[in-house]
Amino acid sequence: MASRSRSNATLATERCFVGLGSNMGDRRGTLESALGALHHQPAIEITAVSSAWETSPVGPLAQADFLNAAAELRTTLEPRRLLEVLQSTEDAHGRRRRQRWGPRTLDLDLLLAGDRRLEEPGLTVPHPRLTQRRFVLEPLLEIAPDLVHPVSGERLAAVLADLAAGERVRRSGPLEAGASQL
């Protein structure tokens, strides 16, 4: 597990978790660049980053494997504003929303925002498929093994243990974000 934090930590009020994924182009470089972009946001502090995980795609389309990861953030941003920052970062990395569950240069999902439970147009927290996706849970639990689902109260490690096999998920090594990025 790679852990990264700012030496002069500021504005750390709510613990949030973000899932990262890419299956187009330089997947590892894109994830590292996205982490760097988030790091430079004044209201976001990255406190932990998982390894990269090679995963099979989920959904109806044949496509390349993904590289996935998870990051823990501390932020003063409200979830809607954080989502906007995540989507802006996706757009800056060439993300085009053409087909649901299709190939993408970068996918950033807000998984958890403290213990909040939100259902708004375009934003549901906790992420609605958090407990169904091994490619999300493996990296997430690498950096936060004691997480509990804020709605069900279940330990996410127990949820992962109960998931049926099917998705191919394997650790692919640390993400290398340079000191200039994080």
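This is a predicted model: local features need pLDDT of at least 70, side-chain atom pairs count only at pLDDT 80 or more; totals for chains, interfaces and linings use all residues.
How many of the 7 residues of strand 5 (residues 107–113) are buried?

View 1. Residues are numbered from 1 along each chain as its sequence is written, and side-chain values use heavy atoms, with hydrogens and water left out. Strand 5 is mostly covered, with 6 of its 7 residues buried, where buried means under 20% relative accessible area, exposed over 50% and partly exposed in between (1.4 Å probe, protein chains only). Strands (E, at least two residues) and helices (H or I, at least four residues) are DSSP runs, numbered from the N terminus.

**View 2. The pairing of strand 1 with strand 5.** Strand 1 (residues 14–22) runs antiparallel to strand 5, and the two pair over 6 bridges; strands pair if DSSP finds at least two bridges between them. Within this pairing, Phe-17 has Leu-112 of strand 5 as its bridge partner.

**View 3. Glu-176 after strand 8.** Glu-176 is found in the segment that follows strand 8 (169–173), and it counts as exposed because its relative accessibility is 54%. Although Arg-28 is 148 residues away along the chain, its C-alpha atom is separated from that of Glu-176 by 8.6 Å.

**View 4. The chain as a whole.** The chain holds 4 helices and 8 strands, which follow one another from the N terminus in the order β-α-β-β-β-α-β-β-β-α-α-β. Of its 182 residues, 50% are buried.
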